[in-house]
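Colleague: I would like to go through this model feature by feature. Please give the general idea each time, then the case at hand.

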Amino acid sequence: MSQLHPSLRSSLKMLPEGKPISLLTRHSLREKADQAIVSYGAPLTKEGVALARQWGSEISKPIAGIYSSPAGRCVETANALLAGARGELDPKTESQQIDVQISTILVEPGCFVYDINPAGPQFLRIGPVDFFNRHIKEPFEGLLSPREGSCNLLDYLRGTQAHAGSLVVHVTHDTILAAFIYHLLESECIDAELWPWMLEGAFLWFDNENGNEHVCWTWRGQSYSRSLASLK
């Protein structure tokens, strides 16, 4: 599991008991691309499938739902995660009864776009990291602001939560995960070192502190919290 981000296992220990949890994760290891923009159809490698299965077997919380971008590598990741969890959990647990559901909000660039026609060529021209750094300062034509897109994603994550103590998994792309997490962290610029690894993800849950609702999350071995009011 050397290709799994080293903070993921420690993040499991940071999760609260008795809360519904969401995992927003990038897909697993895919075939290498010849260009900066990866084909929609690029599949996982055998190592990527094995990595996702192994990680799924280590997630101790019962998986009550699993959603995926329609891109094949995301669906493959979701199925491998679920297969790993099924191999470790009791056959009667609910993860045996669920199937992968497709969600278009998770597709690249998904919840941050309202018109792909002007935004798409810019994304293809400059690549994901430069696109993100320009987007977070001043959105391109056709894009929602990072705040608006993140609010859409938060509403989606909240609406797909299951019961207390369970986990719902959402498999997406690096661009979605980066824009969402680094907006929550109020970052104005990131470099390649901060870019999400394949199969890296953030665990999220919602809490109420003194009557104020907060979103809480883990990222790279740290836990964070922000009031929902500050994000809207």
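Modeller: Contact here means heavy atoms within 4.5 Å. Note that this is a predicted model.

Colleague: With which residues is His-183 in contact, leaving aside its neighbours within four places in sequence?

Modeller: They are Ile-136, Pro-146, Arg-147, Ser-150, Ala-178, Arg-226 and Leu-231. His-183 itself lies in helix α7, residues 174-184.

Colleague: Does His-183 count as buried or exposed?

Modeller: Buried means under 20% relative accessible area. His-183 has 12% relative accessibility, so it counts as buried.

Colleague: How many disulfides are there?

Modeller: A disulfide is a covalent bond between the sulfur atoms of two cysteines. In a model, the pair of sulfur atoms has to be within 2.5 Å. By this rule the count is 0. Cys-216 is in no disulfide, and its nearest cysteine sulfur, that of Cys-151, is 16 Å away. Both cysteines count as buried, Cys-151 because its relative accessibility is 16% and Cys-216 because its value is 5%.

Colleague: At what angle do helices α4 and α5 pack?

Modeller: Helix α4 (residues 116-126) and helix α5 (residues 128-135) pack at about 125°, their axes 7 Å apart. That angle makes α4 oblique to α5. Their crossing is right-handed.

Colleague: Which residues make that contact?

Modeller: From α4 come Ala-119, Gln-122, Phe-123, Arg-125 and Ile-126, and from α5 Pro-128, Asp-130, Phe-131 and Arg-134. By class, the contact has 5 nonpolar, 1 polar and 3 charged residues.

Note on methods:
Residues are numbered from 1 along each chain as its sequence is written. This is a predicted model: local features need pLDDT of at least 70, side-chain atom pairs count only at pLDDT 80 or more; totals for chains, interfaces and linings use all residues. Side-chain values use heavy atoms; hydrogens and water are left out. Buried means under 20% relative accessible area, exposed over 50%, partly exposed in between (1.4 Å probe, protein chains only). Axes are lines fitted to C-alpha atoms, for helices over the stretch in contact, and angles run from 0 to 180 degrees between N-to-C directions. Helices (H or I, at least four residues) and strands (E, at least two) are DSSP runs, numbered from the N terminus. Angles under 35 degrees count as roughly parallel, over 145 as roughly antiparallel, 65 to 115 as roughly perpendicular and the rest as oblique. A crossing is left-handed if the near helix is turned anticlockwise from the far one by less than a right angle, and right-handed if clockwise. Ala, Val, Leu, Ile, Met, Phe, Trp, Tyr, Cys and Pro count as nonpolar, Asp, Glu, Lys and Arg as charged, and the others, Gly among them, as polar.
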